[in-house]
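Reader: Walk me through this one, please. Start with the terms, then go to the details.

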Amino acid sequence: MNDSVLIVGGGIAGIQASIDLANMGFQVYLVEKSPSIGGRMAQLDKTFPTNDCAMCILAPKMIECYRHKNVKVLSYSEIAEVNGQLGNFQVKVLRKSRYIDETKCTGCGECAEKCPVVVKSEFEEGKGTRKAIYKPFAQAIPNLYVIAKRGTPPCKAACPAGVDAQGYVALISQGKFKEALELVRRRNPLPAVCGRVCTHPCETECNRGKLDQPIAIAALKRFVADYEVSMGTEDVTPVPRTKEEKIAVIGSGPAGLTVASDLVKMGYGVTVFEAMPQPGGMLSWGIPEYRLPKKALQTEIAGIQKLGVEIKLNSPVGKDGLTIDDLWEQGYKATFIGVGAQASMKLDVPGEELEGVYHGISFLRDVNLGEEVKVGKHVAIVGGGNVAIDAARTAHRLGAKEVFIVYRRSREEMPASEEEIEEAEHEGIKIHYLAAPVKILGKNGKVAGMECIRMELGEPDASGRRRPVPVKGSEFVIDADMIIPAIGQTSDLAFLPKKSQFQVSRRGTFEVDPISLATNVPGVFAGGDVVSGPATVVEAIAAGKRAALSIDCYLRGVPLPPEEEPLPTVKIEDIDTKDSERKNRVAMPTVPLKKRAHGFTEVNLGLSQEMAVEEAKRCLDCGICSWCRECEKACQAKAINHEMKEQYLDLNVGAIVLAIGLDLYDVSGLTEYGYGRIPNVITAMEYERLTSASGPTAGVLRRATDGKIPTNIAFIQCVGSRDFKNNPYCSSVCCMHATKEAILAYEHHPGTKSTIFYMDLRAVGKRFQEYVDRATKEYNVTYIRGRPGKIDANSNGNPIIWYEDTITGETKTFETEMVILCQALIPSRGIRELAGILGIKLDEHSFVEIPDKLWRPLDTTRPGVLACGYVHSPRDIPDSVAQASGTAARAAEVIAGGV
Amino acid sequence: MTLEDAVKETKAYYCLECGKCSGLCPVSRYNPAYSPRVMVEDALLGLEDDLVHNRQLFSCLTCYACSPKCPADVDYPLFMQKSRALAAKDGQQGDCAHSGVLQSLMRLMASPNLKQKRLEWLSNGHRTSDQSNVLYFVGCAPYFDPIFEDTGVKSLDVARDSLKILNSLGIAPKVLPNERCCGHDLLWTGDTENFRRLAELNAAAIKEAGVKKIIFSCAECYRTFKKDYPNYVKIDCELQHISEFLSEKIEKGELSFKEIKKKLTYHDPCRLGRHLGIYEPPRRVIESIPGIELVEMKDNRAESLCCGTSAFTNCDSCSKQIRVERLLQAKATGAESIITCCPKCQIHFRCAMVNKGEVKGPDVEIEVVDLVSLVAQALGGKSSE
């Protein structure tokens with residue numbers, strides 16, 4: 001026989017059983033699923049019929065239990081598996097991850113001070129709040145914090161670079177702009193750039209978008225980046241060089257800049273070789289000024305340079321002059337190629353050589369480099385991507401009379417960002433869908449028009465978009481004197497020596513290992529558009545992050561660590577959104593249309609501080625914890641571990657005691673009583689928290705509607721209990737519970753009149769009847785026999801109770817200031833699953849089935865598994881405690897071989 | 001049938017005597033002497049004599065507000081139906097409104113040899129067909145108009161508009177020249193004998209007509225055919241309320257409406273709502289009309305308030321107060337009209353507006369329109385032609 005006992009449930013019954021058994025010399029394991037022991041009793045203000053402070057009785061017991069040398073409290077843990085039999089059970093316990101090292105946390109609470117995520121407190125029955133990192137209540141045992149994580153927020157999951165979007169949104173909502181920017185920069189060195197031009201897959205996936213509109217994540221990122229500049233608080237400290245090796249980066253686009261800044265932060269030396277006279281690659285000369293001002297870009301790049309990255313401009317690496325091979329000789333130990341995709345694809349139609357055909361990328365580059373570019377009067381752009389839109393809006397700004405876009409598919413398939421398309425249309429650019437050029441018409445060697453053909457959409461192609469098919473005989477001519485093809489880009493690999501040993505794909509991109517981004521040449525890595533083909537800025541940044549990690553491992557000669565498995569992505573259904581007010585996103589201020597046409601000033605003006613905070617507050621906190629890592633910074637004990645994993649613990653015990661207690665029945669289904677609809681109708685447990693000195697209102701009961709302290713309140717008994725359609729049984733404690741609460745109301749606010757509507761008053765306990773008598777005589781409590789039929793509210797917010805006084809037989813109304821519903825108490829919600837694991841039977845109401853009620857009243861259907869407290873049958877605290885002691889004795893008996 | 005049978009069948013013996021029924025009964029609200037709990041208590045105490053002679057026995061609206069909320073799941077309205085049958089055997093009856101003319105008419109129709117001129121209201125514009133598989137069950141609307149002339153009610157419009165709608169969907173239904181009252185009111189006031197006769201006559205006529213489907217525009221006829229006839233006769237047809245029928249057609253895209261710019265509220269008739277659980281089809285129909293804004297009254301769907309009188313019995317000041325309360329709820333929504341699916345709800349609401357009593361009550365004037373008339377209007381052309 002094993003001399004250990006497992007107690008499941010750390011409420012007052014579980015605590016009492018643990019102490020008793022421990023005092024008898026048994027080793028006790030107390031498993032509690034929540035972060036603290038104490039159970040429901042901890043939520044109560046007072047206990048009946050003595051009106052003792054519940055916590056004053058409970059807390060010493062909690063401490064005694066926790067500190068007992070024979071008790072091992074396993075909080076925040078659940079039973080996963082039970083095998084064996086009486087005398088020798090093998091139990092697997094799931095120790096959920098607190099994300100906090102229990103051996104280090106001191107319970108000081110500095111972390112919660114800093115945590116930006118505020119959610120409803122379960123302990124306060126939703127009437128108070130707590131942080132994402134929290135301790136459920138002041139006296140919690142063990143005195144440890146816990147981080148609530150619901151999963152990976154969809155914004156973070158969708159971001160190729162894995163930026164903690166919920167984190168910086170949460171920080172912005174608390175006005176912590178500096179911290180927010182720091183957090184962005186952990187995963188993205190270009191917040192000002194991405195805040196402006198990112199295609200923001202985070203917003204597409206944002207759960208808020210399923211309610212009204214997604215959070216303006218990109219705009220918020222831009223805000224914190226701009227805020228830093230506007231405050232003049234850019235504070236870049238150069239990273240000290242700690243490693244001897246230096247790395248060459250070819251190309252200063254987003255991929256190259258990311259690799260460079262990450263490696264410099266690791267202590268390496270990095271030189272970036274840039275062919276052009278300005279750094280930034282496509283960011284600098286591919287994206288028009290009105291979308292991404294040069295100043296913002298150069299400020300951001302200057303910050304990266306200040307970290308210690310050296311950028312050599314006008315320094316092409318290629319077959320003439322400096323070659324890749326030369327880099328080895330110059331002492332570079334690794335090379336990253338991030339030259340992007342800069343060659344425009346050809347239309348391949350007759351007339352493409354005519355004067356007036358200007359390819360999209362060259363057009364944008366020449367404009368961006370400040371060269372004089374003449375646009376025609378009627379400019380036709382061919383293509384549907386962001387380059388096409390950029391070219392169109394640029395041509396419009398350069399004075400073209402008419403600008404239109406010809407795109408071969410429909411709007412739905414258009415790859416350009418929705419807001420870019422909208423802005424273009426807004427500025428007067430027309431888009432001809434389902435049309436494709438056949439021939440460019442010329443006159444005297446110059447463009448004179450374009451012959452197009454109508455298309456229709458056929459079956460989906462490899463990209464999943466429906467393939468456009470020409471409609472025979474539908475050719476038509478459009479008038480144009482300038483054609484800008486913008487149908488895609490390829491990489492220009494001309495810089496590679498003729499007999500290069502690099503493996504290059506048929507599309508003209510580097511072949512690399514998808515995980516490490518290593519090319520076939522040792523020490524040479526590649527990423528960004530030159531590998532993926534034309535893609536987004538944030539994808540290039542993601543590639544840069546990956547390459548930096550990979551290069552570091554390569555140089556240290558260690559294998560690339562496996563990627564962390566993220567928590568499952570949070571879905572909208574996982575979040576309780578019923579209290580979220582519907583509210584659209586804050587609109588981004590823009591330059592008025594009139595002022596845009598002939599200038600390149602930035603169109604989007606950015607959010608103000610107030611707008612940013614307001615917008616950030618819309619966040620639904622999908623993950624609960626936002627991974628902002630402020631707690632890590634605050635914790636002196638270094639106890640925080642966001643990557644902590646859950647664990648299993650194996651136990652061997654001789655007997656098991658089930659004491660998981662009760663849950664509160666959801667009374668919103670009893671619509672006649674108006675819970676959830678009438679603000680001044682609350683539940684008894686909510687009332688308990690609102691009158692508790694340690695509760696969210698410090699014990700002052702106020703009405704939700706007007707903050708008034710009610711002096712006339714009513715309690716309704718049997719809400720959801722003694723009801724065939726809900727719970728047919730009597731919950732056993734409500735008559736006394738309501739009496740106690742009515743007495744407390746009077747004590748808190750003398751003169752308060754309480755009315756208790758009951759079916760029949762069950763005062764079956766020691767001194768209970770005296771308690772009721774005292775309530776009526778000394779505490780202004782009236783009992784009315786009758787179960788109310790309906791509760792309405794009048795214009796003052798006062799609930800009106802419709803009822804029949806079943807003693808007089810009269811039907812009446814009763815106006816009061818607040819109604820407290822004594823909701824049914826049900827066996828703890830996890831009981832079904834747990835009973836399955838324990839292999840015990842439950843009765844039809846989910847209480848534990850006791851086969852021999854008379855002679856073995858604490859034994860369940862499985863020998864060696866005992867039950868006590870509310871989960872055994874409805875009962876009050878003293879009964880639960882007495883029963884727990886009984887169970888402890890019975891456990892000792894069965895372990896000793898008694899039957 | 002004995003009182004004991006009634007108690008058993010309605011599970012009245014489970015009554016906890018908690019009084020919740022009285023607490024939410026709309027009649028008890030205005031007539032404190034009426035308590036459903038006490039009625040059941042009398043039965044449980046075996047006080048049959050007290051029960052059948054209780055003047056309040058016929059006050060229950062059988063609106064089913066109580067039963068779904070009863071903690072003991074007692075079917076109180078059914079208990080009333082059974083108790084009234086016992087009372088009727090004892091020669092008791094409620095106070096018949098309108099001098100009992102409606103009850104006389106119903107019993108008159110129970111006579112097998114009755115010859116009716118029932119289809120006089122049909123005009124050239126209406127298409128009906130003896131060959132059709134679909135029967136339109138008209139109900140008592142043709143008789144109501146002359147009786148309730150003073151209220152300005154036009155219940156025949158409901159029949160005409162129903163035909164117009166069916167016609168516009170390409171259906172020329174059959175209508176029975178010898179249709180009888182469905183018997184709803186007789187059943188609920190305890191006259192089971194005449195109810196049986198009416199049910200049998202209707203069943204025979206329907207069998208002879210050989211139709212496969214019956215469409216109803218009256219919520220009471222529909223409830224009676226669906227829930228009560230199966231206890232007496234066999235009707236081998238698919239039964240559908242016109243709101244369900246229209247809702248299906250709208251879903252399939254077979255109906256389109258012209259715009260009606262109006263703010264409306266919908267009153268759930270007890271028989272369609274709580275008796276049969278049909279809350280959404282009428283709302284779907286209303287909302288599919290472009291331009292309409294549907295607003296809900298404080299009490300709606302399962303919580304809806306009854307129009308205040310059932311079976312033209314015990315219509316008293318309490319009924320009037322319930323009606324006024326309901327109309328005030330409708331007015332509070334800011335709606336221009338109140339839509340309903342039961343001709344009796346319409347009659348009662350109009351009555352409350354016409355007969356304001358000696359003391360001038362609150363302003364309860366609001367247009368009352370049957371769902372089918374609204375739909376007919378949205379189909380274009382003039383309503384009720």
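Author: A residue is buried if 20 or more other C-beta atoms lie within 10 Å of its own, exposed if 12 or fewer, and partly exposed in between, with C-beta atoms placed from the backbone. The model is predicted: local features need pLDDT of at least 70, side-chain atom pairs count only at pLDDT 80 or more, and totals for chains, interfaces and linings use all residues. Residues are numbered from 1 along each chain as its sequence is written, while chains are lettered from A and ligands numbered from 1 in the order in which they are written.

Reader: A:R397, then. Buried or exposed?

Author: A:R397 is buried, because 21 other C-beta atoms lie within 10 Å. A:R397 belongs to helix 15 (residues 386-397) of chain A; helices (H or I, at least four residues) and strands (E, at least two) are DSSP runs, numbered from the N terminus. The C-alpha atom of A:R397 is 6.1 Å from that of A:G599, 202 residues away along the chain.

Reader: What share of chain A is buried?

Author: Of its 899 residues, 50% are buried. Chain A has 26 helices and 39 strands, and its C-alpha trace spans about 110 × 65 × 55 Å along the principal axes.

Reader: Which residues have the most contacts inside the largest nonpolar core?

Author: A:V657, A:L658, A:A659 and A:L821, in a core of 232 residues. Such a core is a set of buried Ala, Val, Leu, Ile, Met, Phe, Trp, Tyr and Cys residues joined through C-beta atoms within 7 Å. Helix 23 (residues 734-748) of chain A supplies the largest share, eight residues. A second, separate core has 113 residues, among them A:L220 and A:F510.

Reader: What is A:L821 in contact with?

Author: Leaving aside neighbours within four places in sequence, the partners of A:L821 include A:V667, A:Y673, A:I716 and A:V719. Contact means that two C-beta atoms, placed from the backbone, lie within 7 Å.

Reader: Sheets next. What order do the strands of the five-stranded open sheet have?

Author: The order is 5-2-1-28-39 in chain A, with parallel pairing. Strand 5 (71-74) and strand 39 (865-867) of chain A are the edges. Two strands pair if DSSP finds at least two bridges between them; strand 1 (residues 4-8) and strand 28 (residues 655-658) of chain A have four. In strand 28 of chain A, A:V657 stands opposite A:I7.

Reader: What does helix 1 of chain A lie across?

Author: Helix 1 (residues 12-23) of chain A lies across strands 1, 2, 5 and 28 of chain A, at about 165° to strand 2. Axes are lines fitted to C-alpha atoms, for helices over the stretch in contact, and angles run from 0 to 180 degrees between N-to-C directions.

Reader: Over to chain B. At what angle do helix 15 and helix 16 of chain B pack?

Author: Helix 15 (residues 317-332) and helix 16 (residues 343-354) of chain B pack at about 95°, with axes 10 Å apart. The two helices of chain B are therefore roughly perpendicular, a label for 65 to 115 degrees; under 35 is roughly parallel, over 145 roughly antiparallel and the rest oblique. B:K320, B:R323, B:V324 and B:L327 of helix 15 meet B:H348, B:F349 and B:A352 of helix 16.

Reader: How many residues does each chain bring to the contact between chain A and chain B?

Author: Chain B brings 21 residues and chain A 19. Helix 2 of chain B gives the most on its side, five residues.
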